[in-house]
Amino acid sequence: MFSFQDQFSAATKSNLQAQLDLINTLTAKAFEGVEKIVELNLSATRASLEEATVVARQLASAKDPQEALALASAQAQPGAEKAAAYGRHLATIVSTTQAEFTKAAEAQIAENTRKVSALIDELSKNAPPGSEQAVSLLKAALSNANAGYEQLTKNSKQAVEALEANLSNATRQFTAAAEKATGATRTKK
């Protein structure tokens with residue numbers, strides 16, 4: 001049978017390894033998210049430069065100022081739609097990365113909670129008489145830590161939902177403003 005010190009030492013080593021594994025997992029997920037955002041930005045920049053070149057050529061070949069104005073105003077709606085699509089894509093990347101973070105953290109915390117609970121149960125079985133209060137305090141601390149984690153998870157999910165809602169709202173407003181501007185330019189013709 002292991003001594004208390006051996007049990008704590010083994011639990012500490014196991015916990016440290018689990019934390020390192022979690023950090024590695026979260027770091028990999030963060031890099032994947034950053035890579036996706038960089039790819040999105042490069043793609044958007046490339047497409048924007050290509051479209052700007054085409055529009056510049058069209059504007060340069062315009063026969064009069066009205067034609068140039070019509071060409072410029074015709075770009076507002078597609079530009080707004082592309083900005084909206086960019087915003088949705090970015091929100092999807094952020095949301096997916098956050099969901100992967102949460103999933104990895106939840107799995108790790110559940111495993112750590114299981115191990116700590118098993119350790120506390122084992123210690124309580126082998127605890128010397130009179131240490132019931134100490135075991136009770138350990139169990140209460142574990143319960144409080146779990147409650148804190150659950151609240152943190154809930155708050156994180158609410159924050160991500162609020163971010164997604166704000167991005168969606170901003171995209172709708174931007175698209176509506178672009179449509180309004182395009183419509184106002186067309187009625188002046």
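Student: Of the contacts in the protein chain with a separation of 6 or more, what percentage is between residues 24 or more positions apart? After that, please look closely at Gln108.

Tutor: The model is predicted. Among the contacts in the protein chain with a separation of 6 or more, 82% join residues 24 or more positions apart. The chain contains four helices and zero strands, and its pattern along the sequence is α-α-α-α.

Gln108 lies in helix α3, which covers residues 76-126. Once neighbours within four places in sequence are set aside, Gln108 is in contact with Ala18 and Leu22. The relative accessible area of Gln108 is 15%. Buried means under 20%, so Gln108 counts as buried. Across the protein chain, buried residues make up 18% of the 189 residues.

Leu20 is in helix α1, residues 4-60. With a relative accessible area of 42%, Leu20 is partly exposed, because that class runs between the 20% limit for buried and the 50% limit for exposed. Leu20 also belongs to a nonpolar surface patch of about 280 Å², made together with Leu16 and Ile23.

As for the surface of the whole, the protein chain exposes about 13,100 Å². Carbon and sulfur atoms supply 61% of that area.

To return to the part you asked about: Gln108 is a buried residue of helix α3, in contact with Ala18 and Leu22 when its neighbours within four places in sequence are left out.

Key. Residues numbered from 1 in each chain as written. Predicted model: local features only at pLDDT ≥ 70, side-chain atom pairs only at ≥ 80, totals over all residues. Heavy atoms only, no water. Helix = DSSP H or I, 4+ residues; strand = E, 2+ residues; numbered from the N terminus. Buried < 20%, exposed > 50% of the residue type's maximum accessible area, 1.4 Å probe, protein only. Contact = heavy atoms within 4.5 Å. Areas by Shrake-Rupley, 256 points an atom, 1.4 Å probe, with all protein chains shown as cover. Patch = residues over 30% accessible without salt bridge, like charges linked within 9 Å, V, L, I, M, F, W, Y side chains within 5 Å. Salt bridge = Lys/Arg side-chain N within 4 Å of Asp/Glu carboxyl O.
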